[in-house]
Amino acid sequence: MCHAMPQAICQLRNMPLSGDKELDDQIKKWVKWDHNGDTLGQIMDAVKKEQWDVLRCRLCRRISFGTSGLRGVMRAGFDSMNELVVIQSAQGLCAYLKEQYPEEAMWPERGVVVGFDGRYNSQRFAELTAIVFLANNFRVYLFQQYVPTPFVPYTILRLNCLAGVMVTASHNPKQENGYKIYWTNGAQIIPPHDEGISQAILDNLKPKEDSWDETVLCANELLCDPYNDVVPAYFDALKKEMTCTLLEANSKCQLTFTYTAFHGVGYPYIKLAFPKVGLKPVIPVKEQVNPDPEFPTTPKPNPEEGKSVMALAIKTATAKKSPVILANDPDADRLAIAEVGDDKQYKLFTGNELGALLGWWSLENYKLSAEEPDVSKCVMIASTVSSKILKCMAEIEGFTFHETLTGFKWMANKAAEEQNAGKKVLFAFEESIGYMVSTNVLDKDGISAAAHVATMACYLRCKKCMSLQEKLRDLYEKYGFHFSIVSYVVCRDKALIKQIFDRLRTFDEEQENTYPTSILEGEFEIENVRDLTTGYDSSTGDKKAVLPVDESIQMITFTFKNGFVITLRTSGTEPKMKYYAEMCGKPEDKRWDELEKTTRRMVEAAVNEFYEPEKNGLQRKPED
């Protein structure tokens, strides 16, 4: 009967396997289930070469939800991103939605939205997702062209969808892709939905035959492209966030903006956004504005990496005498900016600095546009590793400030909660250059943020005769100097990472919950320690943390007596051990240079003493 079976299964029957029952079972499942010739071939080649350790890593571990959904290298294996894993994920999500919304009439009525970026396989993964849902009688709003990530959550709210999927790996290297899931409220999934979907995936691993049936994509009444229903509405909503005075000021201001999309999807949408709010067209960085999954000029297509990846944008801006640079990451949900200074050099703003400016701008814009502004009903949100400047601003201005766990999924769900309670959510941000200006999109949005930054720059330049850098210093005068340093070391050994953090938790003769008490031989004393991996917090009466605990992420925050705060945290998407440090000065303390020097010295000492990079063989981030 071998002639009637797939060739790979026939071959496998005549090949020696590992003798490890678990691994051999997983090999057989992959060969039976995978319909993609490339990834099937990868597994078969590994079997022929008896690469059992490689196969064990690929097949006996499973890719799991991190801070941004699923994300991994595109290759064969249950631990990676590929067609089989995407189908399994879609089947699990579909099953979970059926469980949460058992009324079958809702499936074809409300449906799901699926979008994709310009990476390799993104469109294919999106189409496979659509096939799974169409086969289960769900309406599917499948974008037929690449879109920025924020357009998926916007579509959920606009078209009242049950959920959404965005296929993207954001700013990760070209070898990777990802799968972000948004819930009915337009925000990324958090507990209990992430655990529920993960379990539903495990319960639906075997692909159904119709999950590979591409014919359902042809002439299907349940399949449609939402572009024309969504994109014009998105830009109409963006325009409504600005007063006629601001729109008029935009049209008259001669300020020019250089733009780069980092080989991603942002440029067509920036070209729509700017004229909509009265701004002149951007000056494109021609080498980087068109989508290219190779990312030829930026192997690390992440604007956070600093001036090294912004070189082409700075070159273009300098040649065109353009004072401000705007940079979206490849899926256009993040924004970095730079502005030329008095020294003719371009200053790249940190995520925290731009967060301070946009926080001020959101409040200023609200006061300009509201007929009877009531700041006491307003809310701003930031993640716990981001600058505390919004907290200081809230204490003086009277709005409510909330701090959440790291990741926009937490901030977006908090925003939805506050909005449902009748509050006006003005702004949310994370230091990793993610900004949510208004609640039109319950996620970070690099397109709307770019339009707001450009409008703010025009307003400051043409109405207040100020640059962005001058306004930032003005904010420090009023709310206190806040200087932050965010960076990382690279570590690919998960056991070593755990060892490093466990040493900090048992610092005093390996006793539990004994952390370092100072740095630089006692010169700077630690006042409080919060560990959101274990739930320990020395500052609370019961020694338990108020924020949710996540055992899958290493995260410890040290607060020093002099106002310095540093958080050590592992990345949920990259092999990085990050550190987020900030000195929070008081408004009356004008010794800014001294505060900055102290911060730099303390960061160096904390990283050396806590991470021990040289001893542990950790790779430091290259300096610009």
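Predicted model: local features only at pLDDT ≥ 70, side-chain atom pairs only at ≥ 80, totals over all residues.
Residues are numbered from 1 along each chain as its sequence is written, and side-chain values use heavy atoms, with hydrogens and water left out.

Grid points are joined across faces, edges and corners, and a volume is the space filled by probe spheres set on the points. Under this rule there are 5 cavities of 30 Å³ or more. Helices (H or I, at least four residues) and strands (E, at least two) are DSSP runs, numbered from the N terminus. Strands β16 (482-490), β21 (564-570) and β22 (576-584) each give two or more residues to the lining of this cavity, and β22 provides the largest share, 3 residues. In the classification used, Ala, Val, Leu, Ile, Met, Phe, Trp, Tyr, Cys and Pro are nonpolar, Asp, Glu, Lys and Arg are charged, and the others, Gly among them, are polar. The lining of the second largest cavity comprises 5 nonpolar, 6 polar and 2 charged residues.

The second largest pocket contains about 1400 Å³ of space. Among the 45 residues that line this pocket, T350, S484, I485, V486 and R600 are the closest to its centre. At least two lining residues come from each of β11 (346-348), α14 (351-369), α18 (468-479), β16, β22 and α20 (592-610). The largest share, 8 residues, belongs to β16. By class, the pocket lining holds 18 nonpolar, 9 polar and 18 charged residues.

Two helices were then considered. The expected span of a helix is 1.5 Å times one less than its number of residues. Helix α5 (residues 83-100) has 18 residues and should therefore span 26 Å, in agreement with the 26 Å between its end C-alpha atoms. Burial was assigned from relative accessible area (buried under 20%, exposed over 50%, partly exposed in between; 1.4 Å probe, protein chains only). Of the 18 residues of α5, 14 are buried. Polar contacts are pairs of N or O atoms within 3.5 Å; within protein, one must be able to donate a hydrogen and the other to accept it, and residues adjacent in sequence count only if both atoms are side-chain atoms. The N-terminal end of α5 is capped by N82, which has a side-chain oxygen 3.3 Å from the backbone nitrogen of L84.

Helix α16 (residues 408-420) contains 13 residues and extends 18 Å from its first C-alpha to its last, close to the expected 18 Å. Its buried residues are F408, K409, W410, M411, A412, N413, A415, A416 and E418. Contact means heavy atoms within 4.5 Å. The cover over these buried residues includes β12 (378-383), β13 (400-404), β14 (424-430) and β15 (434-437). After α16 comes G422, with a positive phi near 90°.

T260 lies in strand β7 (residues 257-260) and is buried, because its relative accessible area is 0%. Beyond its neighbours within four places in sequence, T260 is in contact with V285, Q288, A313, L326, A327 and N328. The side chains of T260 and Q288 are joined by a polar contact of 2.7 Å, and a polar side-chain atom of T260 lies 3.2 Å from the backbone nitrogen of F262. T514 occurs in the loop between α19 (494-505) and β17 (518-519) and counts as buried at 17% relative accessibility. The T514 side chain reaches the backbone nitrogen of D508 at 3.0 Å.

P191 and P192 are joined by a cis peptide bond, with omega about 5°. N160, in the loop between α8 (151-159) and β4 (163-167), has a positive phi near 60° and is partly exposed at 43% relative accessibility. S170, in the loop between β4 and β5, has a positive phi near 55° and is buried at 3%.

Key. 1 Å grid on protein atoms, 1.4 Å probe; cavity = no way out; pocket = protein on both sides within 12 Å on 5 of 7 lines; lining within 4 Å.
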